[in-house]
Amino acid sequence: MSDAVALERAAPIRPIRTRLAITVVGFGALALAAIVLAPVVGSTRISLARAFDRSIPFADNVDAQIFFVARLPRVLSGALVGAALAAAGVVFQALLRNPLATPFTLGVSAGASLGAMLVLIFGISIGFGPFSAVPLASFAGAAIATGIVYRLATPYRRAMSTAVLLLAGVTLNSFFSALIMFVQYIADFAQAYRASRWLMGDLDVGSYQPIIAAVPLVAIAFGMFAMLPAALNVLSLGPDAAATRGVDVVRAQRLAFFSASLATSAAVSLAGPIGFVGIVVPHLVRLMVGVDHRIVLPASALFGAAFLVACDLGARTLLAPVELPVGVLTAMVGGPFFLWLLVRKS
Amino acid sequence: MAARSKKLIAALFVVACGAGLVSPARADLTRSAPRSQSEKARIVSLVPAITEMLFAIGAGPQVVGVGGFDQFPPEVSKLPRLGALLDPDTERILSLRPTLAAIYGSQTDLQSQLERAGIRAYVYRHGGIETIYRTMRELGAATSRASQAERLVRDLQSRVDAVRARVRGRAKPKVLLVLSRQPGTLREIYVSGGVGFLHEMLEIAGGRNVFADVARESAQPSQEAILARAPDVIVEVHAEGMFKTSSVDREKAVWAPLSSLPAVRNKRVHVLIGQYLVVPGPRFAAAAETLARTIHP
């Protein structure tokens, strides 16, 4: 009910198209600024003129290599993962009608992590073509988790029960976490350490290949997101209220569930389970633009991209020449900032 | 309801007691352990480096149990496994009735358990090459093999000196010493900082560690930092397992995108595989020799 009141209060003064345009331009500029500026900054001072000088062979051009090999892939993967996780967070929060929902609530990331752990610890080499073993296994794990949760929560041809969805997801999360602990425990020390490092998230993806592999998946997810916002507004009132307003609840829920799971799977298999982006960014954005999903969803995606790129900039410079896991930073920066906004708003 | 749960608890208790009665440790205790061995000392070692040292000073026959990570010398394959850093099997250790147990420094609970059982604990501290020598001497004293331990230390010292002599006067290339990374990619690269026996070995072998300024044994640098430090030689050292000898060429090729690195340009990327390279035990001199041959062929 409170959602409905909030929705009324946020009723557009200006027509929605104008507000959407303003939001996309504003947050888009922020994201763009982050993506353009982040590769310029780093632990090493480089000359941009030299980096873009085509007359120097690439093989001899350290500045170009630092820019194009070391920094740009990280920035791009940060933008992709940030946008995917933040948008998935918005969708899951609406679908589950729970402000505490995150992209990882329904066990997608635990499934992905288990897949990655199995490869990291047992050294299974299932990579083929442009796909290396760890992302492939984690994507498979995420897909399996998604499938299990969906089966459990979906009675034949009826709407999903969000309560069952939530319980099944949380239980699956614990179950997979137990398996992860078991696998880590029986591993030797170096392997267990590498596995736990993976769980902290890492945007240093090493090359463009894993990004190129993830882009189509995220693009499909965003294509599905584009069809969602109006339905999400009504879904967040509850399935019954949604049905009375002419929303095909079953279809909308399914679309929301699979699109958000796909985005999360792609993000986690690219960079590991980077926490906090998927919960903090949607809430931050709601505090700034209100609760209409037509605005919140694109704004969160853009802000998520900017946020994660900025956090990764910190991760690779604060302790330079040593790295800081980006997942550690997202939580350390995002948490207090979110609390500050919360207190200030109320 | 309450009565039922009481019954359940009672049943569980009986089952638990039964399980205790047939646990392997008890079974071992009831069997009489061979006492007539000429060695009085019975040693267990959870630490591979210490196991190797014990065998190297001739205390091998006294070793009655080893840790889960132990692979060398081959004799350890026949000995009972007692868990390792995170999962020491206290029951099994006690059941072997050791007089001396070599354990890791962080195993403080195990240490107090051992002491309560009247077993002397030798607490292993990881460190540099001087620590390796000191550990050997201490183990020699603890096993009444001080002279053998001293001989071993002298022998290693002279081998190290020989390595130093071999590279003396040669230009010292900048070396990136990689300790770990995700196989097949340049992700999660861990390198040797300026602390620890691997760093010291690298210096002995006539290399200059490009991350010597990082005061840690291992650290994860960004790719950018690696590019900026421009190592002349990249040496990866891995224990068998994660990296296979058959994939060495493929793993070297992973570095190709960082073509501005002198090491990559001049084909000076070396992937070395062998447990002896990374265990701070008596084989470290051999590892230093390998490193020197790799850096100064």
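What share of the 297 residues in chain B is buried? In this predicted model, buried residues account for 45% of that chain. Chain B is built with 12 helices and 10 strands. If you look at its contacts between residues at least 6 apart in sequence, 56% of them join residues at least 24 apart.

Now turn to where the two chains meet. Chain A puts 33 residues into the contact, and chain B puts in 28 residues. On the chain A side, the elements that supply two or more residues are helix 4 (62–95) and helix 8 (189–199). Helix 4 of chain A gives the most, with 6 residues. Sort the chain A side by class and you get 13 nonpolar, 11 polar and 9 charged residues.

Next, the nonpolar cores. The largest one has 107 residues, and the members that touch the most others in it are Ala84(A), Ala87(A) and Val91(A).

Conventions:
Residues numbered from 1 in each chain as written. Chains lettered and ligands numbered in written order. Predicted model: local features only at pLDDT ≥ 70, side-chain atom pairs only at ≥ 80, totals over all residues. Contact = placed C-beta atoms within 7 Å. Helix = DSSP H or I, 4+ residues; strand = E, 2+ residues; numbered from the N terminus. Nonpolar A, V, L, I, M, F, W, Y, C, P; charged D, E, K, R; others polar. Buried ≥ 20, exposed ≤ 12 C-beta atoms within 10 Å, placed from the backbone. Core = buried A, V, L, I, M, F, W, Y, C linked by C-beta atoms within 7 Å.
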